[in-house]
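Have a look at the structure below and keep it in view while you read.

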Amino acid sequence: MRTHAQATAKHPHDDAPDTAAAFARLAALPDGPERHALRQDLVRAWLPMAERLAGRFRNRGEALDDLRQVAALGLVKAVDRYDPERGAAFESFAVPTITGELKRHFRDHMWTLHVPRRVQDLRGRVRAARQELMQTAGARNPSAADIAAHTGMTEDEVKAGLEALDSFSALSLDAELPGAEDGYSLSDSLGAPDPALDVVVDREAVKPGLRRLPPREQQILYMRFFRDMTQSRIAEDLGISQMHVSRLISRCCTRLRDQALREQATAAHHPAERDAA
């Protein structure tokens, strides 16, 4: 049973509502409309406290309205799980419940990269240790060894936690790189697919046919597709008409395509011969 001192204990906040009698009545009521209405009244009464707790987590990459919703969910859980017979004030039970819900939200939903929970815990310990050491005179930028000595962690654990500090959020590809004065962004430093890779198979497929072409036709195709010369320039260099160059290019391309397709069809129908070749 609760003592008189426990029943009359004041809440840490002056504006905390006096709901001890309401919680006692809630615990005694059976499930039904009256209990549901009283439960809603208790949630509304303590909602300002939940919103204050949500405000402690602002400016961490999540909208304040979303944080308030998470805190409200934690408050509902606290109201449903609170047992007034244990003698503790509701606030002392609700604060860690709501705070834990907010921390779980950041842990489970706010990481851009998937980081194991163990590493997330290391990140929290390293972050807290850095803040404590940075408040100490002469230790503005503690090393991994300093943090390990302060926390009792190994240096490998500290390094994993330090790496996780930069994994909570990711940079946009449009973010300007540090020191760039011409708008050079992260996306400008990334590689792109090589268009030549798309034609590797085609190039290999036509090689046998190219070797069988007459030397002049090989020369014409080389000048057109490897030196990027115009048909008129090729005709001028070889002393023939542009129309003749056009017909030769068209005829050679058709022949090479047909030969490559026939060889592919043969290889598909006779895989043993293809492997032996």
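What follows is a set of questions and answers about the words used for this structure.

This is a predicted model, where local features need pLDDT of at least 70 and side-chain atom pairs count only at pLDDT 80 or more, while totals for chains, interfaces and linings use all residues. Residues are numbered from 1 along each chain as its sequence is written, and side-chain values use heavy atoms, with hydrogens and water left out.

Q: How many helices and strands does the protein chain have, and what counts as one?
A: The protein chain has 13 helices and zero strands. Both are DSSP runs numbered from the N terminus: a helix is H or I with at least four residues, a strand is E with at least two.

Q: What share of the protein chain counts as buried?
A: Of its 277 residues, 28% count as buried. Buried means under 20% relative accessible area, exposed means over 50%, and partly exposed lies in between (1.4 Å probe, protein chains only).

Q: Why is R39 called partly exposed?
A: R39 has 22% relative accessibility, so it counts as partly exposed. This residue sits in helix α3 (residues 33-55).

Q: Which residues does R39 touch, leaving out those up to four places away in sequence?
A: R39 touches L26, V76, V79 and D80. Contact here means heavy atoms within 4.5 Å. R39 and D80 are 41 residues apart in sequence, with their C-alpha atoms 8.2 Å apart in space.

Q: What makes K207 partly exposed?
A: The relative accessibility of K207 is 36%, and therefore K207 counts as partly exposed. K207 belongs to helix α9 (residues 200-212). From K207 to A260 there are 53 residues in sequence and 9.0 Å in space, C-alpha to C-alpha.

Q: Why are α7 and α8 called roughly perpendicular?
A: Helix α7 (residues 144-151) and helix α8 (residues 155-165) pack at an angle of about 110 degrees, with axes 9 Å apart. Axes are lines fitted to C-alpha atoms, for helices over the stretch in contact, and angles run from 0 to 180 degrees between N-to-C directions. Angles under 35 degrees count as roughly parallel, over 145 as roughly antiparallel, 65 to 115 as roughly perpendicular and the rest as oblique. So α7 and α8 are roughly perpendicular to each other.

Q: Which residues make the contact of α7 with α8?
A: A144, A145, I147 and A148 of α7 meet E155, V158, K159 and L162 of α8. By class, this contact has six nonpolar, no polar and two charged residues. Nonpolar covers Ala, Val, Leu, Ile, Met, Phe, Trp, Tyr, Cys and Pro; charged covers Asp, Glu, Lys and Arg; the others, Gly among them, are polar.

Q: Why are α9 and α12 called oblique?
A: α9 and helix α12 (residues 242-269) pack at an angle of about 125 degrees, and their axes are 9 Å apart. That is why α9 and α12 are oblique to each other. In α9, the residues A205, V206, P208, G209, L210 and R212 meet L256, Q259, A260, E263 and Q264 in α12. The residues of this contact divide into six nonpolar, three polar and two charged.

Q: How do you know which word describes α10 and α12?
A: The axes of helix α10 (residues 215-225) and α12 cross at roughly 95 degrees and come within 10 Å. α10 and α12 are therefore roughly perpendicular to each other. By class, their contact has nine nonpolar, one polar and five charged residues.
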